[in-house]
Amino acid sequence: MATLLVGDVHGCFNELQSVLAQADFNPQKDTLWLTGDLVARGPDSLEVLRYVCSLGDSARLVLGNHDLHLLAIYAGISRNKPKDNLTPLLEAPDCDTLINWLRRQPVLQVDEEQKIIMGHAGISPQWDLATAKRCAREVEAILSSDSYPLFLDAMYGDLPNCWNDDLSGLPRLRYSTNALTRMRYCYPNGCLDMICKDIPQKAPAPLKPWFSLNGPVAQEFSIVFGHWASLEGEGTPEGVYALDTGCCWGGQLTLLRWEDKRYFYQPSLAQEHADPI
């Protein structure tokens, strides 16, 4: 039995199949963790969703910001842009089934035994484990309910950017969503900066990558995340694993086999690439 952790797939179905073959993935006995952003920008979002859905309990994923954006498009809240390459998915006969499966997926994965925690963008340094779990469950509950369009309509925005347990309603959900799916930088006090997207070497003071603040969760768990392709998997402290290496931007898809910490890489097979955001 192996635990295989793969970075943001972004519709790169052929690359996913290739890197899984390199690692001898067997869904009958192995577990595949995915850091989110299964869809958008790459050519085969439909096939990626169909495949991951078919794995059942052999797959453990978290939703990323592009997955939430797909849900917002489906709900009529956001516009379907050609660069996202989502039209084949949205026009597929099984679109409704796949969307309803997707919106019932977690935004946080925790393995207490292996001491692994995974969020698409990471874990807010202002959260302890109990708070992270509670906030994730709140987002998951609204996404799986009939009220999910109301939440999706209100999730866009950068405030509030500081955690306070007194937050409630849509502001609380927005903070949790931003921390789990969009975060890159924080101020030294742990408040989120939702603007800067530069690599750490170019980030203005006093901003710091969230993982450099050593929050409570990082002291107990290994943290796995995606989202930040420009890191190229490098520059994180021990116990923090950045797995998005920009396959859909012309980079590669990265897979980490947890038991022996061996990495597998599949370069992008696409001929043309968009600019990362």
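Colleague: What makes the disulfide of Cys162 and Cys191 right-handed?

Modeller: The torsion about the S-S bond is about 110°, so the disulfide is right-handed. Keep in mind that this is a predicted model.

Colleague: How do you know that Cys162 and Cys191 form a disulfide?

Modeller: The cut-off is 2.5 Å between cysteine sulfur atoms. The sulfur atoms of Cys162 and Cys191 are 1.6 Å apart. The pair therefore counts. By this rule the total is one disulfide.

Colleague: Why is Cys162 called partly exposed, and why is Cys191 called buried?

Modeller: Buried means under 20% relative accessible area, and exposed means over 50%. Cys162 has 29%, so Cys162 falls in between. Cys191 has 7%, so Cys191 is buried.

Colleague: How do you know that Cys135 is in no disulfide?

Modeller: The nearest cysteine sulfur belongs to Cys162 and is 14 Å away. A disulfide needs the sulfur atoms within 2.5 Å. Cys135 is buried, at 0% relative accessibility.

Colleague: And what keeps Cys247 out of the disulfide count?

Modeller: The nearest cysteine sulfur, that of Cys12, is 3.7 Å away. The limit is 2.5 Å, so Cys247 is in no disulfide. Cys247 is also buried, with a relative accessible area of 1%.

Colleague: Turn to the rings. How many aromatic pairs are there?

Modeller: The count is 11 aromatic pairs.

Colleague: Why is the pair of Trp163 and Tyr175 called tilted?

Modeller: The ring centres are 5.5 Å apart, and a pair needs them within 6.5 Å. The planes stand at 40°. Stacked requires under 30 degrees and edge-to-face over 60, so this pair is tilted. Trp163 lies in the loop between H7 and H8, and Tyr175 in helix H8. The pair therefore ties together parts 12 residues apart in sequence. Both Trp163 and Tyr175 are buried.

Colleague: What makes Tyr241 and Trp258 edge-to-face?

Modeller: The planes are 70° apart, with 5.2 Å centre to centre. Over 60 degrees counts as edge-to-face, so the label holds. Tyr241 is in strand E10, and Trp258 is in the loop between strand E11 and strand E12. Both Tyr241 and Trp258 are buried.

Colleague: Now the helices. Why are H1 and H2 called oblique?

Modeller: Their axes come within 8 Å and cross at roughly 40°. Roughly parallel needs under 35 degrees, and roughly perpendicular starts at 65. H1 and H2 are therefore oblique. Phe13, Leu16, Gln17 and Leu20 in H1 meet Glu47, Val48 and Tyr51 in H2. These contact residues divide into five nonpolar, one polar and one charged.

Terms used: Residues are numbered from 1 along each chain as its sequence is written. This is a predicted model: local features need pLDDT of at least 70, side-chain atom pairs count only at pLDDT 80 or more; totals for chains, interfaces and linings use all residues. Side-chain values use heavy atoms; hydrogens and water are left out. Axes are lines fitted to C-alpha atoms, for helices over the stretch in contact, and angles run from 0 to 180 degrees between N-to-C directions. Helices (H or I, at least four residues) and strands (E, at least two) are DSSP runs, numbered from the N terminus. Angles under 35 degrees count as roughly parallel, over 145 as roughly antiparallel, 65 to 115 as roughly perpendicular and the rest as oblique. Contact means heavy atoms within 4.5 Å. Ala, Val, Leu, Ile, Met, Phe, Trp, Tyr, Cys and Pro count as nonpolar, Asp, Glu, Lys and Arg as charged, and the others, Gly among them, as polar. Buried means under 20% relative accessible area, exposed over 50%, partly exposed in between (1.4 Å probe, protein chains only). Rings of Phe, Tyr and Trp (its six-membered ring) pair if their centres lie within 6.5 Å; planes under 30 degrees apart count as stacked, over 60 as edge-to-face and the rest as tilted.
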